[in-house]
Amino acid sequence: MRFSGASSGAAHRQWYRAIADHYDGFANPVWMGRTEVFLDRLFRRHGIGNAVDVACGTFAIDLRLAKRGYEIVGRDLSPDMIRVGRRALRMAGLRADLGVADMRTLRVRRKFDAVLCLGTAFNYLAEPRDVRLALRSFRHLLRPGGLLVLDLTNFDAFIDRPMNVRTEMDYRTSDGTRIGIFGFNDQNPSKTVHIARFLTVVQRGRDIRIGFDEAPLKVWRKEGIARALAREGFRLVEWWGDLRVGSQYRRKTSPRLVVVACAPDRTGKFRETP
Ligand SMILES: C[S@@+](CC[C@H](N)C(=O)[O-])C[C@H]1O[C@@H](n2cnc3c(N)ncnc32)[C@H](O)[C@@H]1O
């Protein structure tokens, strides 16, 4: 048995190392399909042909978009998630620019029609300085008038009655590997930070590995993210309650808080949105 430790940076990397190969197996294909259609519609409405996904994980959603003809560049902090993404690309016979990077300091020598930050990745930035750095890096990556899509956890729907102890996953892969993920969370008294903890056990035959990840997640509310985006020069364009076509945002029930914002154009003004 090996324990992967319990501190932030290195443990986070090790936790993703433990689960990266199985991550896509956890994904719900129905949810993935809906997300793909939602993003495709959004891209069509706003004339988006290319995008950078700044926390692309295993590139699974992006791969679907790439198959539809969009040019997607992927970056992620975890080398193991990127390794799995590259393997998926090879298997699909596609090519894309994928690499390891931190969204707070990400620079790519070109501009994009859109920046994507999906699946709670932005909530990982719990310190105001990190949020500012990331939003500046997103502005830098966008062409004038480009679009930012942030997909956040809608904490407002459950933060007052959190289910802090639960089994997240009991999963068996086709090769017989067994994965159990147990979640036990916590919040600070003012409920501005949610501490997500996962205990993960992976069994392959007689080999059992135990990993632990603890990540403070920033509890974003609609007003707070609106202010943070406006401060960094973005204009709010759309709100959604899920990455699903037509899912209106409802504070107390929506699973997600999806915000679409626009960078100013060359003249410093905002273009009209369709
Ligand atoms: C919950 S996963 C979501 C992955 C993918 N966006 C999706 O929706 O399937 C969060 C991802 O954010 C990445 N991540 C966390 N902090 C990051 C940072 N500062 N810069 C880039 N990626 C980061 C993690 O490595 C992980 O792959």
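Q: Which residues come nearest to the ligand, and what makes a residue count as near?
A: There are 19 residues around the ligand, and Ala-55, Gly-57, Ser-78, Gly-119 and Ala-121 come nearest. "Near" means that the C-beta atom, placed from the backbone, lies within 6 Å of the molecule. Keep in mind that this is a predicted model, where local features need pLDDT of at least 70, side-chain atom pairs count only at pLDDT 80 or more, and totals for chains, interfaces and linings use all residues. Residues are numbered from 1 along each chain as its sequence is written.

Q: What kinds of residue make up the shell around the ligand?
A: It holds 12 nonpolar, 4 polar and 3 charged residues. Ala, Val, Leu, Ile, Met, Phe, Trp, Tyr, Cys and Pro count as nonpolar, Asp, Glu, Lys and Arg as charged, and the others, Gly among them, as polar.

Q: Why is Leu-106 called buried?
A: The cut-off is 20 or more other C-beta atoms within 10 Å of the residue's own, with 12 or fewer for exposed, partly exposed in between, and C-beta atoms placed from the backbone. Leu-106 has 20 such neighbours, so it counts as buried. You'll find Leu-106 in the loop between β4 (98-100) and β5 (112-117).

Q: Why does Gly-180 count as partly exposed?
A: Gly-180 has 16 C-beta neighbours inside 10 Å, so it gets the in-between label. Gly-180 sits in strand β8 (residues 178-184). Strands are DSSP runs of E, at least two residues, while helices are runs of H or I, at least four, and both are numbered from the N terminus.

Q: Which residues is Leu-106 in contact with, leaving aside its neighbours within four places in sequence?
A: They are Val-54, Arg-75, Ala-101, Ser-137 and Leu-141. Being in contact means having C-beta atoms, placed from the backbone, within 7 Å. Ser-137 is 31 residues away from Leu-106 along the chain, yet their C-alpha atoms are separated by 6.1 Å.

Q: Which residues of helix α3 are buried, and what covers them?
A: In α3 (residues 60-67), Ile-61, Asp-62, Leu-63 and Leu-65 are buried. Their cover includes α2 (29-46), β2 (50-53), β3 (71-76) and α4 (79-92). Just after this helix, Gly-69 takes a positive phi of about 105 degrees.

Q: What makes a group of residues a nonpolar core, and how many residues has the largest one?
A: A core is a set of buried Ala, Val, Leu, Ile, Met, Phe, Trp, Tyr and Cys residues joined through C-beta atoms within 7 Å. The largest has 64 residues, and Leu-116 is one of those with the most contacts inside it. This core draws at least three residues from each of domain 1 (19-157 + 219-262) and domain 2 (158-217). Those bounds come from an automatic or database domain assignment. In soluble globular proteins, nonpolar side chains tend to be buried together.

Q: How many residues does each domain bring to the contacts between them?
A: 13 residues of domain 1 are in contact with 14 of domain 2. Helix α1 (residues 8-26) gives the most to domain 1's side, with 4 residues.

Q: How do you know whether the chain's radius of gyration agrees with that of a compact globule?
A: The radius is taken over C-alpha atoms, and the globule rule is 2.2 Å times the number of residues to the power 0.38. For 274 residues, a compact globule would come out near 19 Å; the protein chain has 19 Å, so the two agree.

Methods. Contact = placed C-beta atoms within 7 Å.
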